[in-house]
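Keep the viewer open and click along.

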Amino acid sequence: MDKKLGVKILGTGSYFPKKVLTNADLEKMVETSDEWISSRTGIKERRIAKKNEYASDLAFNASVEALKAANISEKEIDLILVATITPDMFFPSTACFLQTKLGLNSSPAFDLSAACSGFIYGIAVARAFIESGLYKNVLLVGAEELSKITDWTNRDTCVLFGDGAGAMVLSASEENYDVLSTYIGADGSYSNLLFIPAGGSANPATVETVNAKMHTMKMQGRDVFKVAVLKMAYAAEKALELSDKKLKDIKLFIPHQANMRIIEAVAKKIGISMSRVFVNIYKTGNISSATTITALDEAIKTGKLQKGDIVELIAFGGGFTWGAAVIRI
Ligand code: COA
């Protein structure tokens with residue numbers, strides 16, 4: 001009998017723009033303080049892309065690293081997926097720009113929009129394509145430049161976000177089943193709590209929408225906070241159930257890095273100590289779909305994870321969307 005196709009994770013990579021924006025820098029831009037930002041969010045600094053450095057550039061740098069770690073040539077990639085809410089342009093997709101930068105010109109390439117849950121959605125999509133036998137090697141990227149959709153005069157949001165990209169190469173395998181489970185969900189009735197009002201077909205850009213900064217992120221922080229904790233804990237439990245693993249089998253939990261207090265509340269709700277939770281929000285801020293993959297890549301590079309360890313990625317984002325994935329490194 002034919003063996004079921006599983007998914008092997010071949011390698012990961014990440015990339016951050018060079019410019020660091022600290023809380024002290026923000027103190028000069030809006031009425032805020034390092035004390036407020038640190039105690040309410042856990043963020044100390046974030047990276048900011050240059051004006052002429054696009055999401056596809058960050059994606060490219062992260063992809064080159066992931067391909068190297070995977071020990072695979074870009075020519076062997078037969079599907080490119082980019083999770084992003086800050087694409088270079090509405091269209092063509094950032095995946096198409098990335099494809100060209102990688103020197104490829106025939107593999108299918110498309111973007112995926114699930115806000116901060118984008119990378120988990122991406123794992124679920126890549127997995128479906130691989131397990132069905134349709135594609136063998138998938139390059140999955142989370143790439144964001146939230147600095148470019150941020151209102152830098154609004155202290156409610158501008159202290160929270162940053163830029164960066166992470167990438168993963170996933171491949172078909174009959175021996176290795178590294179993606180043990182994926183669970184994704186959404187509830188569009190919360191769309192008005194975290195969104196960009198203008199620039200799309202609902203409110204095409206006009207002088208008025210631009211003057212009113214309606215092309216930047218709007219957020220009801222407290223409401224987002226509450227639902228984020230509930231849904232991330234729920235997604236974590238569902239993915240664990242689907243994986244047939246127990247809490248004790250997970251070496252490291254990697255939650256979306258939106259707010260340190262959200263991370264701590266999720267850990268408490270799941271019933272794990274913070275020593276088993278990976279945190280790097282203090283130096284990245286929230287980088288949406290790039291968060292879980294860049295955190296995973298850092299955990300691997302710094303030796304917090306060894307080959308064979310089982311990890312749970314957990315995310316939540318605008319939509320609202322949420323999801324979790326149990327994977328073996
Ligand atoms: N610096 C100083 N003061 C600030 C501030 C800032 N950057 N931003 C807001 N404040 C003020 C508010 O104006 C308010 O003042 P008031 O009491 O005089 O009205 C006070 O701080 C408390 O604001 P509040 O919104 O209640 O704070 P909070 O404890 O809820 O923290 C967030 C705000 C945004 C940090 C928090 O709600 C949060 O992280 N929510 C989730 C956001 C998120 O993760 N979004 C992405 C999801 S993927």
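## The end of H11

Start at glycine 303, which comes after helix H11 and has a positive phi, near 80°. Bear in mind as you look that this is a predicted model. H11 itself covers residues 291-301 and is mostly tucked away, with nine of its eleven residues buried. Those buried residues are Thr291, Thr292, Ile293, Thr294, Ala295, Leu296, Asp297, Glu298 and Ala299.

Threonine 302 is in the loop between H11 and S12. Its relative accessible area is 45%, so threonine 302 counts as partly exposed. A polar atom of the threonine 302 side chain sits 2.7 Å from the backbone oxygen of glutamate 298, and Glu298 is one of the buried residues of H11. Now jump along the chain from threonine 302 to glycine 319: that is 17 residues in sequence, and 33 Å in space from C-alpha to C-alpha.

Glycine 319 brings us to a cis peptide bond, which joins it to phenylalanine 320 with omega about -10°. Phenylalanine 320 belongs to the loop between S12 and strand S13 (321-328). Another cis bond links phenylalanine 91 and proline 92, this time with omega about 0°. You'll find proline 92 in the loop between strand S4 (79-83) and helix H4 (94-101). As background, most peptide bonds are trans, and most residues other than glycine have a negative phi.

On the phi side, there are a couple of non-glycine residues to check. Lysine 213 is not a glycine, yet has a positive phi of about 55°. The loop that holds lysine 213 runs between helix H7 (207-211) and strand S10 (218-219). Lysine 213 is partly exposed because its relative accessibility is 32%. Aspartate 244 isn't a glycine either, and its phi is positive at about 65°. This aspartate is in the loop between H8 and S11. With a relative accessible area of 68%, aspartate 244 counts as exposed because the cut-off for that is over 50%.

Is threonine 41 buried or exposed? It's buried, because its relative accessibility is 2%. Threonine 41 lies in helix H2, and its side chain reaches the backbone nitrogen of isoleucine 43 at 3.0 Å.

Histidine 256 is in the loop between strand S11 (252-255) and H9. With 2% relative accessibility, histidine 256 is buried too. What does the side chain of histidine 256 pair with? Its partner is the side chain of asparagine 286, in a polar contact of 3.3 Å.

Serine 171 is part of strand S7 (residues 163-173). At 5% relative accessibility, this serine counts as buried. Serine 171 and glutamate 131 are 40 residues apart along the chain, and their C-alpha atoms are separated by 9.5 Å.

By type, the shell has ten nonpolar, seven polar and six charged residues.

There are 23 residues around the ligand, and those that come nearest are Thr32, Arg40, Gly221, Arg222 and Asn259. Glycine 221 has a polar backbone atom 2.9 Å from a nitrogen atom of the ligand. Arginine 155 also uses its backbone, with a polar atom 3.0 Å from a ligand nitrogen. For arginine 261, a polar side-chain atom lies 3.3 Å from an oxygen atom of the ligand. Taken alone, the ligand exposes 960 Å², and the protein buries 76% of that.

Note on methods. Residues numbered from 1 in each chain as written. Predicted model: local features only at pLDDT ≥ 70, side-chain atom pairs only at ≥ 80, totals over all residues. Heavy atoms only, no water. Near = heavy atom within 4 Å. Polar contact = N/O pair within 3.5 Å; in protein donor to acceptor, adjacent residues only side chain to side chain. Areas by Shrake-Rupley, 256 points an atom, 1.4 Å probe, with all protein chains shown as cover. Nonpolar A, V, L, I, M, F, W, Y, C, P; charged D, E, K, R; others polar. Helix = DSSP H or I, 4+ residues; strand = E, 2+ residues; numbered from the N terminus. Buried < 20%, exposed > 50% of the residue type's maximum accessible area, 1.4 Å probe, protein only.
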